[in-house]
Amino acid sequence: MTSPAPSVEDLLRKLAPQVVGVLTRRYGDFAAAEDAVQEALLDAVTQWPAEGAPRNPRGWLIQVAGRRMTEQVRSEQARRRREELVAGSVPEDRRCVPGADAGDEGSRDDTLTLLFLCCHPVLSPASAIALTLRSVGGLTTGEIARAFLVPEATMGQRISRAKQRIKASGAPFRMPGAAQWPARLDAVLHVLYLIFNEGYAGSAGPELRRVELSREAIRLTRAVHALLPHDGEVAGLLALMLLTEARGPARTGPDGELVPLAQQDRGRWDAAAIAEGIALITAALPRGPVGPYQVQAAIAAVHDEAASAAETDWPQILALYGVLARISENPLITLNRAVATAMVHGPAAGLALLADPPPMLAGHYRLYAVRAHLHELAGDHEAAIADYRTAARRTASLPERHHLSLRAARLAATADAGAEAGTGAGADTGAERKGPCASSRPE
Amino acid sequence: MKYMLLMQFSQENADFPGLDQWKPEEIQAHVRFMQRTNADLAAAGELVDAQGLAMPETARIVRSHGGGAPVVTEGPFPESKEWVAGWWIVDCDTERRAIEIAAAVSAAPGPGGRPLDMPIEVRQIMAAPPAEL
């Protein structure tokens, strides 16, 4: 598999949403424009590295994609003669390179308009993610499919069904009005956040051929931030991504195992990303209004600023979780807040918060994992081991399963160390269920 | 030819404790072994897919019910003594090679570094009919 020089790829990804925007406005058919641009991008990827990039890359893409649309329209025409849709959409200037009149102002807005369309609330998150990566991110269907480990045909179908849904909903290609703006922007940020998380969560261990989704999410969020520099939540989300991604290199050990925050080698954190994230959130917070992404970024910043785990400013983190709990309803906040409470007021106080967990958390492996951690802090190793094991059996992530099993095993080994017979695999008693490690997935 | 190597876990036939009862270094050795095996299969151009399944605690059994509402049974299944733990799909030239891979996987290290000797079911994946000449 050959890939073009990064500069060509970067250029194409930047131009892709602009070209989709121009053609959608010109022909009034987002689905067809999106397909045509995808094909033009594939042409560019094969031609440009060999023949050199054209002098006006954007014009080239508009022309080639425009021609594709025309061809498509013509073949439709041949197939089912003169449908009303067809006649009006054949452009007269189809063979001309668009003039310089399609200025930068329009194209900047187009990227944002396109993002609003691709993250439209009529779409499921999975569909919105795929469509956004392709239309706005300029990734190929194949790249997106590999990133999500699904067959290319499946991803192609998901994208085309998403476009049909948008078409059927009659959503126009224009910016949402003031009344809808906050909710629609929330939807966009949520999709970007999900893309980031997918990349971050999947980044433990050497994943084969996995497009770096977290980097792509950062690139897209950066673009939105450039378009809406005064929006605090956009800045907050970008800061949150940078501050989280900065720890990425230290999050995985030599054997691909997860390394929790407290044990990470902070020297391996990306200092430049941390500095940028802190600058962003520091500038955004005083402007207000404060939203959940800004608060989460502020929490990440407190972690990233601590020179060691022991120097973490837990009282400040606890206060920030208090703010977050008031403005956001995510049950996972309850768990993180319990950890912060334990770090400030002791593990018993943290455990007390989890005595009556919200129904959404019941049976969730994270509840057991957090409880195990707090039991461990409290010195109740027996309870910690039991909860770690339950969490390990309930997680759907293999690296996480290994990590949780390992923590249980380490505690069991220390418990045995007193007797130190060196036989068996520790705590052989209470083995209520046997199970192998179905460690078949390349992590 | 493609083969599915099924790791079918049987509670009765396994003479070793569950992974969460192992020593830390035993878990690490096991994980390293699996990662190296997968990397080798990928490097040899033989790996199609490899997946581990979540434990049966989170499983559901679904059965349609005479055209009415389907019956959904939630895990854990105390009566179930066997479950699929995971699988590999490999694309290799001969059945012999598939068996060789299965044997290597079966010897994954367990407690005390001893091979687990897990039974691995080797099943050929059905393919398109042969071309007509």
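This is a predicted model: local features need pLDDT of at least 70, side-chain atom pairs count only at pLDDT 80 or more; totals for chains, interfaces and linings use all residues.
For chain A as a whole the mean pLDDT is 83, with 83% of residues at 70 or more. Among the elements of the chain, the lowest mean pLDDT, 48, belongs to helix α4 (residues 84–89), and the highest, 97, to helix α12 (residues 271–284).

Chain A contains 19 helices and zero strands. Of its 443 residues, 43% count as buried. When contacts between residues at least 6 apart in sequence are considered, 63% of them join residues at least 24 apart. The chain is divided into four assigned segments: domain 1 (1–102), domain 2 (104–228), domain 3 (229–312) and domain 4 (347–415). Between domain 3 and domain 4 of chain A, the distance separating the C-alpha centres is 25 Å.

One helix pair was examined in detail. Two packed helices are described by the angle between their axes and the distance between the axes. For helix α15 (residues 331–345) and helix α17 (residues 365–378) of chain A, the axes come within 10 Å and cross at roughly 5 degrees. As angles under 35 degrees count as roughly parallel, α15(A) and α17(A) are therefore roughly parallel to each other. On the α15(A) side, the contact is formed by A:Leu332, A:Leu335, A:Ala338, A:Val339 and A:Ala342. These residues meet A:Arg366, A:Leu367, A:Val370, A:His373, A:Leu374 and A:Leu377 of α17(A). By class, the contact between α15(A) and α17(A) comprises nine nonpolar residues, one polar residue and one charged residue.

A:Arg268 lies in the loop that joins α11 (232–245) to α12 of chain A. With 13 other C-beta atoms within 10 Å, A:Arg268 is partly exposed, because a residue is exposed at 12 or fewer such atoms and buried at 20 or more. Apart from neighbours within four places in sequence, A:Arg268 is in contact with A:Pro249 and A:Ala250. The C-alpha atom of A:Arg268 is separated by 31 Å from that of A:Ala325, a residue 57 places away along the chain.

Conventions. Residues are numbered from 1 along each chain as its sequence is written. Chains are lettered from A and ligands numbered from 1 in the order in which they are written. Axes are lines fitted to C-alpha atoms, for helices over the stretch in contact, and angles run from 0 to 180 degrees between N-to-C directions. Helices (H or I, at least four residues) and strands (E, at least two) are DSSP runs, numbered from the N terminus. Angles under 35 degrees count as roughly parallel, over 145 as roughly antiparallel, 65 to 115 as roughly perpendicular and the rest as oblique. Two residues are in contact if their C-beta atoms, placed from the backbone, lie within 7 Å. Ala, Val, Leu, Ile, Met, Phe, Trp, Tyr, Cys and Pro count as nonpolar, Asp, Glu, Lys and Arg as charged, and the others, Gly among them, as polar. Domain bounds come from an automatic or database domain assignment. pLDDT is the predictor's confidence in each residue, from 0 to 100.
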